Amino acid sequence: LLKSPTFLRFLLITALLQGSHAAYYGFSAIYWKANGYPEHLIGYLWALGVLAEIIMFATSRRVLSSLGYQSLFLIGAVGCLLRWSILATTTDVTWLALSQLLHAVTFCVSHLGAIRYMTQQLPAEQVIPAQTLYAALPTGMVMALLTALVGVGYQQFQGQVFWAMALLVLPVFLVRVPPRHSESLREA
């Protein structure tokens with residue numbers, strides 16, 4: 001799989017989409033607390049994001065069934081641009097709540113695109129290795145690296161680091177993961 005240019009594109013896209021959550025996962029609660037929000041409200045905001053994610057997962061078969069993996073990646077990227085721009089520009093609780101609802105798009109739709117790609121474009125014998133690499137690289141190592149980098153940036157720029165997360169997803173609009181034919185998969 002790591003010799004396949006198509007699969008490497010897939011890893012790049014998912015690394016950008018999932019990695020763009022580094023500032024959110026690592027520093028949003030700290031940032032909101034520094035802006036005067038009590039811990040219980042921050043907990044509610046996080047719960048709202050999780051609830052939005054659960055609802056999207058529960059309704060995704062009905063709501064997203066007609067969309068291909070590339071469309072899901074693009075929808076996730078649009079959601080990321082919108083969400084990280086909101087978090088970079090305001091700490092108003094209404095906008096924070098809206099940004100938390102976007103977790104259904106930024107994380108969930110992007111993840112569903114990844115799952116759809118792996119299960120629909122790869123032969124059965126490559127799905128488990130692909131899921132392993134997806135978990136280890138984009139959502140593991142890349143997320144850890146970006147969290148460390150964002151931590152350095154957060155010390156100086158606080159909420160402005162969300163702009164970096166928005167910029168991070170821009171290549172997703174340019175990189176495509178073309179459909180693969182079963183013959184080329186067996187050669188890869």
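Glu 39 forms a salt bridge with Lys 33, and the closest N and O atoms of the two residues are 2.6 Å apart. The model described here is predicted, and the structure holds one salt bridge. Glu 39 counts as exposed, with a relative accessibility of 56%, whereas Lys 33 is partly exposed at a relative accessible area of 44%.

**Aromatic pairs**

A search of the whole structure finds 15 aromatic pairs. One of them joins Tyr 31 and Tyr 154; because the ring centres are 6.4 Å apart and the planes stand at 90°, this pair is edge-to-face. Tyr 31 belongs to helix α2 (residues 22-34) and Tyr 154 to helix α7 (residues 124-157), so the contact ties together parts that are 123 residues apart in sequence. Tyr 31 is buried, with a relative accessible area of 12%, and Tyr 154 is buried as well, at 10%.

Another pair is formed by Phe 57 and Phe 107, whose ring centres are 6.4 Å apart and whose planes meet at 80°, so this pair is also edge-to-face. Phe 57 lies in helix α3 (residues 39-64) and Phe 107 in helix α6 (residues 103-121); the pair therefore ties together parts that are 50 residues apart in sequence. Phe 57 counts as partly exposed because its relative accessibility is 32%, a value that lies between the limits of 20% and 50%. Phe 107, with a relative accessible area of 16%, is buried.

The two pairs are set out below.

| Ring pair | Distance of centres | Angle of planes | Arrangement |
|---|---|---|---|
| Tyr 31 and Tyr 154 | 6.4 Å | 90° | edge-to-face |
| Phe 57 and Phe 107 | 6.4 Å | 80° | edge-to-face |

**The segment before α1**

Ser 4 is located in the segment before helix α1 (5-19). Its side chain reaches the backbone nitrogen of Phe 7 at 3.1 Å. Ser 4 counts as buried because its relative accessibility is 4%, which is under the limit of 20%.

How values were computed. Residues numbered from 1 in each chain as written. Predicted model: local features only at pLDDT ≥ 70, side-chain atom pairs only at ≥ 80, totals over all residues. Heavy atoms only, no water. Helix = DSSP H or I, 4+ residues; strand = E, 2+ residues; numbered from the N terminus. Buried < 20%, exposed > 50% of the residue type's maximum accessible area, 1.4 Å probe, protein only. Polar contact = N/O pair within 3.5 Å; in protein donor to acceptor, adjacent residues only side chain to side chain. Phe/Tyr/Trp six-rings, centres within 6.5 Å; stacked < 30°, edge-to-face > 60°. Salt bridge = Lys/Arg side-chain N within 4 Å of Asp/Glu carboxyl O.
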